[in-house]
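Please keep the sequence and the structure at hand while reading.

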Amino acid sequence: MIDKMPIILDGDPGHDDAIAWMLAKASSQLEILACTSVSGNQSIEKTSYNARRVMALLGIDAPFAMGRAKPLHGEPIHAGNIHGETGLDGPVLPEPRVEAQPISAVELMAKTIAASERPVTIVATGPLTNVGALLILYPELKPKIARISIMGGGLAHGNWTPAAEFNILIDPEAADVVFKSGVSLTMAGLDVTLKALVFPEDFERIRALGNPVATVVAEWLDFFYGFHRSIGYAGAPVHDAVAVAALVRPEILTAADYYVQIETSGDFCRGATVADHFGFSGQQPNTHALIDINREGFIDLLVEAAAWYGKEQA
Amino acid sequence: MKPIPVIIDCDPGVDDAIAFLLAKQLPELNVLAISVVAGNVSLERTTYNALGLVEFLNWDIPVYRGASGPVFRKRVDAADVHGSDGMAGIDLPHTRRVVQDVTSWDAIYQYALEWKGKLEIIAIGPLTNLAMAFMKYPDLPKLIKRIVIMGGSTLLGNASPAAEFNIYADPEAADITFCAGVPVHMCGLDMTMKALMTPEELDSVAEMGSKEAVFFHDVVQGIVEFMGRLGIIGINMHDPAAMLYAADDSIFKAYPAGIRVETKGAITHGKTVTDLFSDAKWQKNGFVVMDIDRDAFVERVFELMRKY
């Protein structure tokens with residue numbers, strides 16, 4: 001039996017964060033050491049409450065701590081148009097079972113990583129505020145971070161603005177710290193996540209599983225697809241789940257290694273992730289950038305994970 | 001159909017030279033004038049090259065001289081690609097031709113007035129001359145039907161990781177042009193990187209035997225070597241592809257888009273930003289040309305070069 005990969009889940013749930021966490025908890029390859037919230041899809045109060053409700057639903061009993069209310073620099077932006085007023089609109093969820101620790105997300109991350117015998121992988125599915133702060137405040141922990149698997153960015157284009165993807169746009173300064181850190185990075189950007197579309201017929205495969213978690217996941221997808229359908233998507237882009245899929249089923253993904261920089265200034269490009277395709281910078285690649293996914297394999301992974309919760313409770 | 005009245009605004013430049021060879025033979029175009037700008041090499045040199053090329057082609061059109069550098073910035077060049085003389089060391093014939101004594105922007109305006117809204121501009125260098133023209137003549141936008149540019153990219157750059165050379169060389173001028181109110185058709189790297197001619201195809205041109213065909217082959221060899229060092233076998237026909245698009249867009253795919261130029265970003269200045277793929281949408285001010293039927297392109301190049 002191989003050791004499980006120790007991970008920290010850092011996100012701003014958010015429908016696709018919640019589905020990413022659902023994948024993580026169901027995986028026999030991962031061991032969740034801690035969960036942390038970040039301001040992003042909604043305010044920090046809402047994403048923290050959602051994180052704790054999702055943990056209750058999925059049966060994650062790891063310690064939890066709240067992130068800060070704002071990006072490292074500048075003011076927050078939220079995505080209520082996509083995730084609803086609560087940040088996780090749709091099905092009714094159980095009330096939280098885990099209290100927030102009396103320390104910050106950054107402190108919990110540092111404590112968890114310091115205490116772990118093996119290097120820890122961070123799954124960051126929101127703005128990189130907590131991860132950036134961790135690397136600034138605790139640089140000595142870098143060797144104990146195995147990898148940061150990020151949902152964020154897009155080498156070819158953005159979504160919130162033409163040049164920038166939401167998670168990077170919200171806190172480009174934090175992202176800049178992360179991309180310059182030297183820690184191994186996997187980037188699930190829009191290049192791949194827009195190919196990880198979950199179609200309405202896939203929702204039904206998950207709904208048909210019939211267990212309480214699968215039912216909630218199907219209803220999250222119903223809600224999440226509502227916005228995307230209105231702007232022309234053929235399915236729900238469950239962006240964040242790709243950052244977990246990259247850890248548990250890398251064989252369904254294709255990737256390329258690039259030196260990626262974060263634009264923190266500019267009229268149109270703040271928050272852009274810029275890859276050095278031709279080696280202008282003379283720098284070694286710092287990012288394992290995912291560029292394509294076997295969509296069918298991804299859907300199978302989601303269905304298997306949702307099915308796991310039925311077996312767990314049987 | 002009557003040929004389209006056009007002015008070619010350029011910075012010769014190896015691939016500009018190839019674009020000239022094709023433009024002279026394109027029945028769809030009525031090339032009224034050449035306008036030069038600093039770009040690949042200095043204005044002095046791009047002017048010399050334009051006059052020499054017109055002489056070489058025995059082409060009876062006037063050459064106008066424009067800006068010696070960007071509107072707001074210091075000049076950058078691409079002599080590493082095109083050679084310090086911009087013609088990869090190939091001698092152009094001596095000529096008694098001289099540049100006209102009006103500037104490019106005044107000439108563009110005069111032609112635009114004369115052609116009463118039918119004039120199109122094919123701009124295959126930095127967009128400084130166009131920006132100057134728009135700054136000087138507020139009524140110019142409604143007198144120009146369309147601008148086809150070689151420049152920009154929705155994905156990657158060739159002057160920096162984010163920016164293509166012609167836009168990088170004068171980002172403010174490019175943004176002024178995109179925002180002028182004339183539809184801009186952007187033949188950027190997305191398409192021109194696919195307009196690749198292989199060394200064998202270049203040899204086929206040379207075998208046609210005319211002095212123009214031999215020049216076509218010889219002038220690009222330095223770039224073929226340069227591209228080889230980047231791992232690309234052959235040459236991307238950036239400017240020639242834009243020229244053929246301006247004449248006949250049937251072998252291309254273009255999409256309406258909002259297009260702006262980043263002028264301030266620390267690592268993205270000179271990047272053309274388009275709303276083609278994002279959830280956020282901008283007002284459409286042009287078209288991004290994304291694709292080309294490469295084989296049909298090469299066929300057309302052969303057909304045009306056989307006319308010499």
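How are helix 1 of chain B and helix 10 of chain B oriented to each other? The model is predicted. In it, the axes of helix 1 (residues 14-25) of chain B and helix 10 (residues 211-219) of chain B cross at roughly 160° and come within 10 Å. An angle over 145 degrees counts as roughly antiparallel, and helix 1 of chain B and helix 10 of chain B are therefore roughly antiparallel to each other. Their crossing is left-handed.

The table lists the residues that make this contact.

| Helix of chain B | Residues in the contact |
|---|---|
| Helix 1 | B:Val14, B:Ala17, B:Ile18 and B:Leu21 |
| Helix 10 | B:Glu212, B:Phe216 and B:Val219 |

By class, the contact of helix 1 of chain B with helix 10 of chain B has 6 nonpolar residues, no polar residues and 1 charged residue.

Another element of chain B is helix 7 (residues 171-178), which is mostly covered, with 7 of its 8 residues buried. The buried residues of helix 7 of chain B are B:Pro171, B:Ala173, B:Ala174, B:Asp175, B:Ile176, B:Thr177 and B:Phe178. Among the elements of chain B that cover them are helix 5 (128-136) and helix 6 (165-169). The cover also includes strand 5 (144-150), strand 6 (184-187), strand 10 (259-261) and strand 12 (286-292) of chain B.

Last comes the contact between the chains. Chain A gives 25 residues to it and chain B gives 24 residues. The side of chain A that touches chain B consists of 12 nonpolar, 10 polar and 3 charged residues.

Conventions: Residues numbered from 1 in each chain as written. Chains lettered and ligands numbered in written order. Predicted model: local features only at pLDDT ≥ 70, side-chain atom pairs only at ≥ 80, totals over all residues. Axes fitted to C-alpha atoms, helices over the stretch in contact; angles between N-to-C directions. Helix = DSSP H or I, 4+ residues; strand = E, 2+ residues; numbered from the N terminus. Parallel < 35°, antiparallel > 145°, perpendicular 65-115°, else oblique. Left-handed = near helix turned anticlockwise from the far one by under 90°. Contact = placed C-beta atoms within 7 Å. Nonpolar A, V, L, I, M, F, W, Y, C, P; charged D, E, K, R; others polar. Buried ≥ 20, exposed ≤ 12 C-beta atoms within 10 Å, placed from the backbone.
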